[in-house]
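User: I have a protein open here and I'm new to it. Can we go through it together?
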Amino acid sequence: MSAPVYVEDGCIGCEQCITACPFGAIDMVDGVAVINESCVACGECVPACPVSVIVMTTSEAKVLEGEGVMVYAEMSNGSLHKVSFELLGKARELAAPLSEPVYAVLVGSGVEDSAKELVDRGADKVFVYDDPGLAQFRDDPYSDLLTECCKEEKPSIFLVGATSIGRSMGPRVAAKLKTGLTADCTSLDIDPESIEYVIFNHMEPESKLLQQTRPAYGGNIMATIETTNSTPQMATVRYKMFTEASIVDTPKGEIVNKPVEMSKLTDRIKVLGFEKAGEQISISDADIIVSGGLGMGDPSGFDLMQKLATALGGAVGASRPTIDEGWINYRHQVGLSGRTVRPTVYLACGISGAVQHQAGMKTSDVIIAVNKDPDAPIFGISTLGVVGDLYDVVPGLIEKLKEQGKDA
Ligand code: FAD
(Lines give C-alpha, C1' and ligand atoms only; values in the text may rest on other atoms or scores of the structure.)
Protein backbone atom coordinates (compact mmCIF):
# COMPACT_ATOMS: atom_id res chain seq x y z
CA MET A 1 0.00 0.00 0.00
CA SER A 2 1.39 3.43 -0.90
CA ALA A 3 2.11 6.11 1.70
CA PRO A 4 -0.80 8.54 2.20
CA VAL A 5 1.37 11.47 1.01
CA TYR A 6 3.91 11.23 -1.82
CA VAL A 7 5.71 13.44 -4.33
CA GLU A 8 5.08 12.79 -8.04
CA ASP A 9 7.63 13.49 -10.80
CA GLY A 10 8.10 17.18 -11.59
CA CYS A 11 9.32 18.58 -8.23
CA ILE A 12 11.20 21.86 -8.93
CA GLY A 13 13.05 21.83 -5.58
CA CYS A 14 11.61 25.17 -4.38
CA GLU A 15 11.44 23.88 -0.76
CA GLN A 16 8.12 25.64 -0.09
CA CYS A 17 6.66 22.34 1.15
CA ILE A 18 9.48 22.10 3.70
CA THR A 19 8.53 25.52 5.07
CA ALA A 20 4.85 24.53 5.18
CA CYS A 21 5.35 21.17 6.94
CA PRO A 22 4.84 21.51 10.73
CA PHE A 23 6.38 18.09 11.43
CA GLY A 24 9.75 18.27 9.67
CA ALA A 25 8.54 15.40 7.52
CA ILE A 26 10.03 16.47 4.17
CA ASP A 27 13.71 16.20 3.15
CA MET A 28 15.45 17.40 0.00
CA VAL A 29 17.16 14.45 -1.64
CA ASP A 30 19.08 15.12 -4.87
CA GLY A 31 17.15 18.34 -5.36
CA VAL A 32 13.66 16.88 -4.98
CA ALA A 33 11.29 16.70 -2.01
CA VAL A 34 10.93 13.33 -0.31
CA ILE A 35 8.38 12.60 2.44
CA ASN A 36 9.99 10.97 5.47
CA GLU A 37 8.60 8.77 8.27
CA SER A 38 7.57 11.74 10.43
CA CYS A 39 4.68 12.46 8.07
CA VAL A 40 1.30 12.40 9.84
CA ALA A 41 -0.64 13.13 6.63
CA CYS A 42 -1.86 16.51 7.87
CA GLY A 43 -1.95 17.74 4.25
CA GLU A 44 -0.32 21.16 4.88
CA CYS A 45 2.25 20.55 2.12
CA VAL A 46 -0.30 19.84 -0.62
CA PRO A 47 -1.51 23.42 -1.28
CA ALA A 48 2.02 24.79 -0.61
CA CYS A 49 3.42 23.09 -3.72
CA PRO A 50 3.42 25.60 -6.63
CA VAL A 51 3.57 22.82 -9.25
CA SER A 52 0.98 20.53 -7.59
CA VAL A 53 3.14 17.41 -7.48
CA ILE A 54 2.44 16.55 -3.84
CA VAL A 55 -0.43 14.10 -3.66
CA MET A 56 -2.36 12.90 -0.65
CA THR A 57 -4.43 9.74 -0.88
CA THR A 58 -7.49 9.78 1.26
CA SER A 59 -9.16 6.61 0.06
CA GLU A 60 -6.66 4.16 1.51
CA ALA A 61 -6.26 3.92 5.25
CA LYS A 62 -2.71 3.14 6.30
CA VAL A 63 -2.08 -0.30 7.77
CA LEU A 64 -1.92 0.33 11.48
CA GLU A 65 1.21 -1.14 12.97
CA GLY A 66 1.66 -2.57 16.42
CA GLU A 67 0.04 -5.19 18.56
CA GLY A 68 -1.48 -5.15 22.01
CA VAL A 69 -3.52 -2.81 24.15
CA MET A 70 -1.37 -0.92 26.63
CA VAL A 71 -2.58 1.03 29.64
CA TYR A 72 -0.73 3.53 31.78
CA ALA A 73 -0.99 2.32 35.37
CA GLU A 74 -1.04 5.55 37.36
CA MET A 75 0.25 5.61 40.92
CA SER A 76 -1.45 7.77 43.54
CA ASN A 77 0.04 8.18 47.04
CA GLY A 78 1.99 4.93 46.85
CA SER A 79 -0.71 2.70 45.38
CA LEU A 80 -2.40 2.22 42.03
CA HIS A 81 -5.09 4.75 41.12
CA LYS A 82 -8.37 2.91 40.56
CA VAL A 83 -8.62 4.31 37.03
CA SER A 84 -5.70 1.98 36.19
CA PHE A 85 -7.87 -1.06 37.00
CA GLU A 86 -10.73 0.39 34.98
CA LEU A 87 -8.43 0.89 31.98
CA LEU A 88 -7.08 -2.63 32.40
CA GLY A 89 -10.64 -4.01 32.44
CA LYS A 90 -11.45 -2.15 29.22
CA ALA A 91 -8.14 -3.18 27.64
CA ARG A 92 -8.95 -6.85 28.30
CA GLU A 93 -12.35 -6.36 26.69
CA LEU A 94 -10.87 -4.65 23.61
CA ALA A 95 -8.01 -7.11 23.18
CA ALA A 96 -10.01 -10.34 23.59
CA PRO A 97 -11.80 -10.46 20.20
CA LEU A 98 -8.56 -9.55 18.41
CA SER A 99 -6.58 -12.16 20.41
CA GLU A 100 -4.05 -9.47 21.32
CA PRO A 101 -2.04 -9.11 24.54
CA VAL A 102 -2.80 -6.60 27.29
CA TYR A 103 0.09 -4.56 28.62
CA ALA A 104 0.44 -2.17 31.55
CA VAL A 105 3.26 0.30 32.05
CA LEU A 106 4.19 1.46 35.52
CA VAL A 107 6.51 4.30 36.49
CA GLY A 108 7.54 5.11 40.07
CA SER A 109 9.66 4.05 43.00
CA GLY A 110 9.19 0.79 44.90
CA VAL A 111 6.30 -0.33 42.69
CA GLU A 112 6.90 -4.14 42.73
CA ASP A 113 3.67 -4.90 44.62
CA SER A 114 1.65 -2.73 42.25
CA ALA A 115 3.17 -4.56 39.27
CA LYS A 116 2.08 -7.89 40.80
CA GLU A 117 -1.41 -6.49 41.36
CA LEU A 118 -1.66 -5.68 37.65
CA VAL A 119 -0.63 -9.23 36.75
CA ASP A 120 -3.24 -10.56 39.20
CA ARG A 121 -5.83 -8.51 37.35
CA GLY A 122 -4.97 -9.98 33.99
CA ALA A 123 -2.14 -7.96 32.43
CA ASP A 124 -0.07 -10.20 30.11
CA LYS A 125 3.02 -8.02 30.56
CA VAL A 126 3.76 -5.21 32.98
CA PHE A 127 6.64 -2.95 31.96
CA VAL A 128 8.18 -1.36 35.05
CA TYR A 129 10.37 1.75 35.30
CA ASP A 130 11.37 1.78 38.97
CA ASP A 131 13.84 4.30 40.36
CA PRO A 132 13.96 6.49 43.52
CA GLY A 133 14.20 9.50 41.18
CA LEU A 134 10.74 8.65 39.85
CA ALA A 135 9.01 8.69 43.25
CA GLN A 136 7.16 11.90 42.40
CA PHE A 137 5.31 12.48 39.16
CA ARG A 138 6.86 15.02 36.78
CA ASP A 139 5.63 15.40 33.20
CA ASP A 140 9.06 15.40 31.57
CA PRO A 141 10.69 12.17 32.75
CA TYR A 142 7.44 10.24 32.90
CA SER A 143 6.44 11.17 29.35
CA ASP A 144 9.99 10.38 28.11
CA LEU A 145 9.74 6.87 29.60
CA LEU A 146 6.24 6.16 28.30
CA THR A 147 7.32 7.31 24.84
CA GLU A 148 10.33 4.99 25.01
CA CYS A 149 8.11 2.10 26.14
CA CYS A 150 5.68 2.63 23.23
CA LYS A 151 8.55 2.80 20.73
CA GLU A 152 10.03 -0.44 22.05
CA GLU A 153 6.86 -2.45 22.61
CA LYS A 154 4.76 -0.99 19.76
CA PRO A 155 1.23 -1.34 21.16
CA SER A 156 -1.53 -0.60 18.67
CA ILE A 157 -3.60 1.13 21.37
CA PHE A 158 -2.42 3.12 24.41
CA LEU A 159 -4.90 4.24 27.09
CA VAL A 160 -4.29 6.80 29.83
CA GLY A 161 -6.69 7.89 32.60
CA ALA A 162 -8.14 11.38 32.15
CA THR A 163 -6.91 12.33 35.62
CA SER A 164 -4.97 15.55 36.28
CA ILE A 165 -1.77 13.57 35.61
CA GLY A 166 -3.09 11.79 32.52
CA ARG A 167 -4.53 14.94 30.99
CA SER A 168 -1.21 16.68 31.33
CA MET A 169 1.09 13.83 30.34
CA GLY A 170 -0.96 11.94 27.70
CA PRO A 171 -0.82 14.66 25.04
CA ARG A 172 2.95 15.05 25.57
CA VAL A 173 3.45 11.34 24.85
CA ALA A 174 1.19 11.56 21.79
CA ALA A 175 3.16 14.56 20.47
CA LYS A 176 6.49 12.78 21.02
CA LEU A 177 5.15 9.71 19.19
CA LYS A 178 3.60 11.89 16.46
CA THR A 179 0.29 10.14 16.88
CA GLY A 180 -3.29 11.20 17.56
CA LEU A 181 -5.02 11.33 20.94
CA THR A 182 -8.71 11.67 21.75
CA ALA A 183 -9.11 13.34 25.12
CA ASP A 184 -11.67 12.58 27.79
CA CYS A 185 -13.31 9.52 26.20
CA THR A 186 -16.41 8.04 27.76
CA SER A 187 -16.62 4.94 25.59
CA LEU A 188 -14.19 2.81 23.54
CA ASP A 189 -14.80 0.03 21.00
CA ILE A 190 -12.93 -1.78 18.26
CA ASP A 191 -14.63 -1.22 14.93
CA PRO A 192 -16.88 -4.22 14.25
CA GLU A 193 -15.39 -4.85 10.77
CA SER A 194 -11.97 -5.63 12.28
CA ILE A 195 -13.50 -8.09 14.72
CA GLU A 196 -15.49 -9.82 11.94
CA TYR A 197 -12.28 -10.06 9.90
CA VAL A 198 -10.50 -11.90 12.72
CA ILE A 199 -13.43 -14.24 13.30
CA PHE A 200 -13.97 -15.20 9.65
CA ASN A 201 -10.39 -15.13 8.30
CA HIS A 202 -8.50 -16.25 11.42
CA MET A 203 -5.85 -13.64 10.67
CA GLU A 204 -4.86 -10.07 11.47
CA PRO A 205 -7.07 -7.39 9.96
CA GLU A 206 -5.34 -4.59 8.04
CA SER A 207 -6.57 -2.10 10.59
CA LYS A 208 -7.71 -2.45 14.18
CA LEU A 209 -9.38 0.86 14.50
CA LEU A 210 -10.24 2.04 17.98
CA GLN A 211 -13.51 3.92 18.02
CA GLN A 212 -13.01 6.63 20.61
CA THR A 213 -16.20 8.29 21.76
CA ARG A 214 -16.46 11.52 23.71
CA PRO A 215 -19.06 14.23 24.24
CA ALA A 216 -18.85 17.14 21.80
CA TYR A 217 -20.70 20.42 21.26
CA GLY A 218 -21.49 20.87 24.92
CA GLY A 219 -22.55 17.27 25.35
CA ASN A 220 -25.32 17.56 22.76
CA ILE A 221 -23.73 14.91 20.55
CA MET A 222 -21.36 12.04 21.14
CA ALA A 223 -18.48 12.16 18.63
CA THR A 224 -16.72 8.94 17.61
CA ILE A 225 -13.16 9.57 16.52
CA GLU A 226 -10.67 7.20 14.83
CA THR A 227 -6.92 7.57 14.51
CA THR A 228 -6.49 6.16 11.02
CA ASN A 229 -2.87 6.90 10.11
CA SER A 230 -0.67 6.51 13.14
CA THR A 231 -0.07 4.24 16.11
CA PRO A 232 -0.47 3.82 18.94
CA GLN A 233 -4.06 5.02 18.85
CA MET A 234 -4.15 7.04 22.05
CA ALA A 235 -7.01 8.09 24.28
CA THR A 236 -7.40 9.57 27.73
CA VAL A 237 -10.39 8.00 29.45
CA ARG A 238 -12.59 9.39 32.17
CA TYR A 239 -12.43 7.88 35.63
CA LYS A 240 -15.49 5.83 36.69
CA MET A 241 -16.62 5.05 33.15
CA PHE A 242 -15.60 1.39 33.04
CA THR A 243 -15.70 -1.57 35.39
CA GLU A 244 -12.43 -2.48 37.12
CA ALA A 245 -10.54 -5.54 35.85
CA SER A 246 -11.35 -8.47 38.08
CA ILE A 247 -8.73 -10.75 39.65
CA VAL A 248 -7.99 -13.68 37.33
CA ASP A 249 -7.96 -17.27 38.61
CA THR A 250 -4.49 -18.19 37.37
CA PRO A 251 -2.47 -15.08 36.57
CA LYS A 252 0.09 -15.80 33.85
CA GLY A 253 1.44 -12.33 33.21
CA GLU A 254 5.08 -11.38 33.25
CA ILE A 255 6.80 -8.40 34.91
CA VAL A 256 9.47 -6.81 32.71
CA ASN A 257 11.83 -4.45 34.50
CA LYS A 258 13.06 -1.71 32.18
CA PRO A 259 16.35 0.12 32.75
CA VAL A 260 16.13 3.74 33.94
CA GLU A 261 18.92 6.24 33.35
CA MET A 262 17.72 9.34 35.17
CA SER A 263 20.55 11.47 33.76
CA LYS A 264 19.26 10.89 30.22
CA LEU A 265 15.70 12.01 30.98
CA THR A 266 14.42 15.54 30.53
CA ASP A 267 13.48 17.09 33.90
CA ARG A 268 12.65 20.78 34.01
CA ILE A 269 10.66 20.80 37.26
CA LYS A 270 12.06 20.65 40.76
CA VAL A 271 9.59 19.43 43.37
CA LEU A 272 10.06 21.58 46.48
CA GLY A 273 7.47 19.86 48.64
CA PHE A 274 3.89 18.71 48.94
CA GLU A 275 0.97 20.31 50.69
CA LYS A 276 -1.87 17.92 51.33
CA ALA A 277 -5.35 19.11 50.36
CA GLY A 278 -8.04 19.18 53.08
CA GLU A 279 -9.23 15.92 54.55
CA GLN A 280 -12.63 16.16 52.82
CA ILE A 281 -13.58 13.10 50.76
CA SER A 282 -13.16 13.70 47.04
CA ILE A 283 -16.34 13.37 44.96
CA SER A 284 -14.48 10.95 42.68
CA ASP A 285 -14.07 8.45 45.51
CA ALA A 286 -17.18 9.11 47.59
CA ASP A 287 -19.85 6.44 48.01
CA ILE A 288 -22.49 9.02 48.84
CA ILE A 289 -22.69 12.47 47.22
CA VAL A 290 -25.00 15.28 48.27
CA SER A 291 -25.08 17.84 45.46
CA GLY A 292 -26.51 21.33 45.45
CA GLY A 293 -27.63 23.41 42.47
CA LEU A 294 -28.81 26.92 41.71
CA GLY A 295 -32.12 26.06 43.38
CA MET A 296 -30.36 26.63 46.73
CA GLY A 297 -30.64 30.34 45.99
CA ASP A 298 -27.35 31.39 47.61
CA PRO A 299 -23.97 29.99 48.70
CA SER A 300 -25.11 29.28 52.27
CA GLY A 301 -27.09 26.36 50.81
CA PHE A 302 -23.79 24.48 50.66
CA ASP A 303 -23.55 24.61 54.49
CA LEU A 304 -26.76 22.61 54.54
CA MET A 305 -25.42 20.21 51.86
CA GLN A 306 -22.22 19.77 53.92
CA LYS A 307 -24.22 18.99 57.08
CA LEU A 308 -26.18 16.29 55.27
CA ALA A 309 -23.04 14.92 53.60
CA THR A 310 -21.25 14.76 56.97
CA ALA A 311 -24.19 12.96 58.58
CA LEU A 312 -24.16 10.42 55.73
CA GLY A 313 -20.35 10.13 55.57
CA GLY A 314 -20.32 11.46 52.02
CA ALA A 315 -18.99 14.32 49.92
CA VAL A 316 -20.51 17.52 48.54
CA GLY A 317 -21.08 17.88 44.80
CA ALA A 318 -22.29 20.85 42.82
CA SER A 319 -23.79 21.89 39.50
CA ARG A 320 -21.71 24.10 37.24
CA PRO A 321 -23.57 27.41 37.68
CA THR A 322 -22.89 27.30 41.42
CA ILE A 323 -19.17 27.12 40.62
CA ASP A 324 -19.52 29.91 38.04
CA GLU A 325 -21.21 32.00 40.76
CA GLY A 326 -18.24 31.36 43.07
CA TRP A 327 -20.37 29.53 45.67
CA ILE A 328 -17.99 26.54 45.88
CA ASN A 329 -14.66 25.32 44.53
CA TYR A 330 -14.39 23.73 41.05
CA ARG A 331 -13.28 20.36 42.42
CA HIS A 332 -16.89 19.78 43.55
CA GLN A 333 -18.34 20.17 40.05
CA VAL A 334 -20.20 17.15 38.68
CA GLY A 335 -20.87 16.90 34.97
CA LEU A 336 -19.55 17.14 31.49
CA SER A 337 -17.03 19.87 32.20
CA GLY A 338 -16.53 18.69 35.79
CA ARG A 339 -16.03 15.20 37.15
CA THR A 340 -17.81 11.95 36.38
CA VAL A 341 -18.99 10.26 39.56
CA ARG A 342 -20.48 6.84 40.20
CA PRO A 343 -21.48 6.70 43.86
CA THR A 344 -23.88 4.27 45.47
CA VAL A 345 -26.20 7.18 46.29
CA TYR A 346 -26.37 10.56 44.51
CA LEU A 347 -28.66 13.12 46.12
CA ALA A 348 -29.45 16.09 43.86
CA CYS A 349 -30.95 19.10 45.65
CA GLY A 350 -32.21 22.06 43.61
CA ILE A 351 -30.60 20.70 40.44
CA SER A 352 -32.71 20.68 37.28
CA GLY A 353 -30.84 17.76 35.67
CA ALA A 354 -29.54 19.30 32.44
CA VAL A 355 -27.87 16.83 30.05
CA GLN A 356 -24.46 18.22 30.92
CA HIS A 357 -25.04 17.52 34.61
CA GLN A 358 -26.49 14.08 33.91
CA ALA A 359 -23.39 13.21 31.85
CA GLY A 360 -21.41 13.20 35.09
CA MET A 361 -23.75 11.30 37.43
CA LYS A 362 -26.34 9.23 35.61
CA THR A 363 -24.49 5.94 36.20
CA SER A 364 -24.85 6.34 40.00
CA ASP A 365 -26.52 3.28 41.57
CA VAL A 366 -29.34 5.21 43.28
CA ILE A 367 -30.32 8.77 42.37
CA ILE A 368 -32.51 10.76 44.74
CA ALA A 369 -33.75 14.19 43.64
CA VAL A 370 -35.30 17.01 45.63
CA ASN A 371 -36.86 19.67 43.42
CA LYS A 372 -39.79 22.08 43.60
CA ASP A 373 -40.66 21.50 39.95
CA PRO A 374 -42.38 18.14 39.29
CA ASP A 375 -41.36 18.40 35.62
CA ALA A 376 -37.63 18.89 36.31
CA PRO A 377 -35.61 16.54 34.00
CA ILE A 378 -33.72 15.15 36.99
CA PHE A 379 -36.85 13.16 37.92
CA GLY A 380 -36.56 11.35 34.58
CA ILE A 381 -33.41 9.56 35.79
CA SER A 382 -34.16 9.38 39.52
CA THR A 383 -34.72 6.25 41.52
CA LEU A 384 -36.59 8.31 44.13
CA GLY A 385 -37.98 11.80 43.73
CA VAL A 386 -39.19 14.30 46.31
CA VAL A 387 -41.23 17.20 44.93
CA GLY A 388 -40.70 19.94 47.47
CA ASP A 389 -38.59 22.77 48.80
CA LEU A 390 -35.09 21.60 49.65
CA TYR A 391 -35.10 23.93 52.66
CA ASP A 392 -37.98 21.88 54.12
CA VAL A 393 -36.77 18.44 53.04
CA VAL A 394 -33.02 18.56 53.80
CA PRO A 395 -33.21 19.93 57.40
CA GLY A 396 -35.84 17.26 58.12
CA LEU A 397 -33.48 14.58 56.83
CA ILE A 398 -30.62 15.94 58.93
CA GLU A 399 -32.82 15.88 62.05
CA LYS A 400 -33.76 12.24 61.40
CA LEU A 401 -30.08 11.32 61.01
CA LYS A 402 -29.20 13.17 64.22
CA GLU A 403 -31.88 11.19 66.04
CA GLN A 404 -30.02 8.09 64.85
CA GLY A 405 -26.83 9.44 66.44
CA LYS A 406 -25.15 10.77 63.27
CA ASP A 407 -23.03 13.94 63.50
CA ALA A 408 -24.05 16.74 61.14
P1 FAD B 1 -31.01 25.26 37.12
O2 FAD B 1 -31.08 24.62 35.80
O3 FAD B 1 -31.33 26.70 37.21
O4 FAD B 1 -31.97 24.44 38.08
C5 FAD B 1 -32.30 24.80 39.38
C6 FAD B 1 -33.37 23.85 39.84
O7 FAD B 1 -33.66 24.08 41.19
C8 FAD B 1 -34.69 23.97 39.09
O9 FAD B 1 -35.07 22.70 38.58
C10 FAD B 1 -35.67 24.44 40.14
O11 FAD B 1 -36.96 23.89 39.98
C12 FAD B 1 -35.05 23.94 41.39
N13 FAD B 1 -35.36 24.71 42.60
C14 FAD B 1 -35.39 26.05 42.76
N15 FAD B 1 -35.61 26.37 44.05
C16 FAD B 1 -35.72 25.21 44.73
C17 FAD B 1 -35.92 24.88 46.09
N18 FAD B 1 -36.04 25.82 47.05
N19 FAD B 1 -36.02 23.57 46.41
C20 FAD B 1 -35.90 22.60 45.50
N21 FAD B 1 -35.69 22.86 44.19
C22 FAD B 1 -35.58 24.14 43.82
N23 FAD B 1 -23.73 21.83 34.33
C24 FAD B 1 -23.29 21.03 35.31
O25 FAD B 1 -23.97 20.88 36.35
N26 FAD B 1 -22.08 20.37 35.20
C27 FAD B 1 -21.31 20.49 34.12
O28 FAD B 1 -20.21 19.89 34.08
C29 FAD B 1 -21.75 21.32 33.04
N30 FAD B 1 -21.01 21.45 31.92
C31 FAD B 1 -21.50 22.22 30.90
C32 FAD B 1 -20.76 22.29 29.72
C33 FAD B 1 -21.24 23.06 28.67
C34 FAD B 1 -20.43 23.12 27.42
C35 FAD B 1 -22.47 23.75 28.81
C36 FAD B 1 -22.99 24.57 27.68
C37 FAD B 1 -23.19 23.68 29.97
C38 FAD B 1 -22.71 22.94 31.04
N39 FAD B 1 -23.43 22.85 32.24
C40 FAD B 1 -22.98 22.01 33.20
C41 FAD B 1 -24.59 23.71 32.52
C42 FAD B 1 -25.92 23.00 32.32
O43 FAD B 1 -26.35 23.15 31.00
C44 FAD B 1 -27.00 23.61 33.24
O45 FAD B 1 -27.09 24.99 32.98
C46 FAD B 1 -26.74 23.42 34.71
O47 FAD B 1 -26.50 22.07 35.00
C48 FAD B 1 -27.94 23.88 35.53
O49 FAD B 1 -27.59 23.92 36.87
P50 FAD B 1 -28.70 23.82 38.01
O51 FAD B 1 -29.46 22.58 37.83
O52 FAD B 1 -27.99 24.03 39.31
O53 FAD B 1 -29.58 25.12 37.76
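User: What share of the contacts between residues at least 6 apart in sequence join residues at least 24 apart?
Analyst: That share is 65%. Keep in mind that this is a predicted model.

User: OK. How many helices and strands are there?
Analyst: The secondary structure comes to 11 helices and 21 strands.

User: And what does the C-alpha trace span along its principal axes?
Analyst: About 85 × 50 × 45 Å. The protein has 408 residues, and 46% of them count as buried. Its accessible surface comes to about 20100 Å², with 50% of that belonging to carbon and sulfur atoms.

User: How many positive and negative side chains does the protein have?
Analyst: There are 34 positive and 56 negative ones, and the centres of the two sets lie 6 Å apart.

User: Now the sheets. What is the strand order in the open sheet of 7 strands?
Analyst: The order is β11-β15-β10-β5-β8-β9-β16, and the pairing is parallel. β11 (181-185) and β16 (254-257) are the edge strands, each pairing on one side only. From one strand to the next, the twist averages 20 degrees.

User: Which helices pack on that sheet?
Analyst: Helix α3 (residues 82-95) packs on the sheet and touches β5 (69-73), β8 (102-108), β10 (157-161) and β15. The direction of α3 makes about 175 degrees with that of β5. Helix α6 (residues 164-177) also packs on the sheet, touching β5, β10, β11 and β15. For α6, the angle with the direction of β15 is about 170 degrees.

User: What about β10, how many of its residues are buried?
Analyst: 5 of the 5 residues of β10 are buried, so the strand is largely enclosed by the rest of the structure. Ile157, Leu159 and Gly161 are buried on one side, and Phe158 and Val160 are buried on the other, so both faces are covered.

User: How many bridges does β10 make with β5 and with β15?
Analyst: β5 and β10 pair in the parallel sense over 3 bridges, while β10 and β15 pair in the parallel sense over 5 bridges. Valine 71 has leucine 159 in β10 as its bridge partner. Valine 160 stands opposite threonine 236 in β15.

User: What holds paired strands together in general?
Analyst: Strands of a sheet pair through backbone hydrogen bonds, in either a parallel or an antiparallel arrangement.

User: Back to this model. What is the order in the open sheet of 5 strands?
Analyst: That sheet runs β18-β17-β19-β20-β21, with parallel pairing. β18 (315-318) and β21 (384-387) stand at the edges with a single partner strand each, so one side of each is left without a neighbour in the sheet. The twist averages 20 degrees from one strand to the next.

User: How do β17 and β19 pair, and which helix packs there?
Analyst: β17 (residues 288-292) and β19 (residues 345-349) pair in the parallel sense over 5 bridges. Valine 290 stands opposite leucine 347 in β19. Helix α8 (residues 301-312) packs on the sheet, touching β17, β18 and β19, and its direction makes about 170 degrees with that of β17.

User: What is phi at alanine 41 and at asparagine 77?
Analyst: Phi of alanine 41 is near 60 degrees, and phi of asparagine 77 is near 50 degrees. Each is a positive value in a residue other than glycine. Alanine 41 is in the loop between β3 (32-35) and α2 (45-48); asparagine 77 is in the loop between β6 (75-76) and β7 (79-80).

User: Are those two buried or exposed?
Analyst: Alanine 41 is buried, with a relative accessible area of 13%. Asparagine 77 counts as exposed, at 79% relative accessibility.

User: Last one. Where is proline 321?
Analyst: Proline 321 is in helix α9 (residues 320-324) and counts as partly exposed at 33% relative accessibility. Proline 321 and leucine 294 are 27 residues apart in sequence and 6.6 Å apart in space, C-alpha to C-alpha.

Methods: Residues numbered from 1 in each chain as written. Predicted model: local features only at pLDDT ≥ 70, side-chain atom pairs only at ≥ 80, totals over all residues. Heavy atoms only, no water. Helix = DSSP H or I, 4+ residues; strand = E, 2+ residues; numbered from the N terminus. Buried < 20%, exposed > 50% of the residue type's maximum accessible area, 1.4 Å probe, protein only. Contact = heavy atoms within 4.5 Å. Areas by Shrake-Rupley, 256 points an atom, 1.4 Å probe, with all protein chains shown as cover. Lys, Arg positive; Asp, Glu negative; His and termini not counted. Charge placed at Lys NZ, Arg CZ, Asp CG, Glu CD. Pairing = 2+ DSSP bridges. Axes fitted to C-alpha atoms, helices over the stretch in contact; angles between N-to-C directions.
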